[in-house]
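Dear colleague,

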Amino acid sequence: MQEIASLQAKDAQEAEALRIKYLSKKGVITALMNDFRNVPPELKKEVGMKINELKNAAQEKISQLKESSSVAASAADNVDLTRTPYPIKLGTRHPLTIVKNEIVDIFSRLGFTLAEGPEIEDDWHVYSSMNFADDHPARDMQDTFFVESHPDIILRSHTSSVQSRVMESTQPPIRVICPGRVYRNEAISARAHCFFHQVEGLYIDKDVSFTDLKQVLLLFAQEMFGPDTKIRLRPSYFPFTEPSAEMDISCHLCGGKGCSFCKQTGWVEILGCGMVDPAVLEANGIDSSVYTGYAFGMGIERITNLKYQVKDLRMFSENDVRFLNEFVSAN
């Protein structure tokens, strides 16, 4: 009886093993009952009562062990494995990541696929394939970070290099969105940094027009800044697009009436765009007599500033937890 009372089981599996050991057809108590016939007649009554008491005690003990194991298992099933251990607080995505994901999501719904490439690039993919002249100012040391031992290797100054890699390896139709970090040799201040983030888009197919570009950018602006957002396109110049334009959106703070944020103009510049120059198509192995395309590019920091009014670009890279905690609800 003392042995039965001291039985323990960590789980239902161990409790079942004890039942088999003591109460099964080949168990200990069953063996005692089978040997009962060898007990002298004058002791049968006493021994029989002891065996029955032992059997009842074993059944009751094993039932208790099974029940307690079931309760423990149920409690374990109810544990929230996604809960953060106290006292560690849940983190949040970086504001630039939040905005980048939103931009990529909008263009994904418009049929663009994600494309990425290396940050350490060669001159061909960053400049030559994008129709930059050999004496273009962007190649100067003041703008581009060069690897000293390999003058042809640079830190990419825009994500157009990803577009070049896609064009040289894929035949149209091409519709990609290319986010990533870029580097330029600029003095760090509240309005500029030596590294920042861009998102560029590229669409190449037959009969692609400037109207297609304008409509896609209008849909993007209204999805990002609200359905009442208006856009305007101003003529500009980029080596890799012709014609080229810069796009403004109506200021979402004053509704286009004019305020200090938009410098009383009612408009805020957000991106550059244009039709892909035929020379770029040919340089990357695409027949410009058959295909046309458009491209656009924007700074993620710029869009983030417009959405959240962050006035100092340095805050994005200083990892100040107080600043990052302001974006918990934006995830």
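The notes below take the sheets, then the packing against them, and then the cysteines.

Please bear in mind that this is a predicted model, in which local features need pLDDT of at least 70 and side-chain atom pairs count only at pLDDT 80 or more, while totals for chains, interfaces and linings use all residues. Residues are numbered from 1 along each chain as its sequence is written, and side-chain values use heavy atoms, with hydrogens and water left out.

Helices (H or I, at least four residues) and strands (E, at least two) are DSSP runs numbered from the N terminus, and two strands are said to pair if DSSP finds at least two bridges between them. On that basis, 7 strands make up an open sheet with mixed pairing, in the order β1-β5-β6-β10-β9-β8-β7. Its edges are β1 (113-114) and β7 (231-238), each of which has a single partner strand, so one side of each is left without a neighbour in the sheet.

Helix α5 (residues 95-109) packs on this sheet and touches β1, β5 (174-183), β6 (195-205) and β10 (292-299), where contact means heavy atoms within 4.5 Å. The direction of α5 makes about 165° with that of β5; axes here are lines fitted to C-alpha atoms, for helices over the stretch in contact, and angles run from 0 to 180 degrees between N-to-C directions.

Leucine 233 stands opposite methionine 247, and arginine 232 has aspartate 248 as its bridge partner. Aspartate 248 is also the bridge partner of glutamate 269 in β9, a strand of residues 267-276 that pairs with β8 in the antiparallel sense over 8 bridges. Of the 10 residues in β8, 8 are buried, which is to say under 20% relative accessible area, with exposed being over 50% and partly exposed in between (1.4 Å probe, protein chains only).

A further open sheet has 3 strands in the order β2-β4-β3, with antiparallel pairing, and its edge strands are β2 (120-122) and β3 (146-147). Between β2 and β4 (residues 150-155) there are 3 bridges, and aspartate 122 has isoleucine 153 as its bridge partner.

As for the cysteines, a search of the whole structure finds 0 disulfides, a disulfide being a pair of cysteine sulfur atoms within 2.5 Å. Cysteine 178 counts as buried at 0% relative accessibility, and cysteine 251 is buried with a relative accessible area of 1%.

With best wishes
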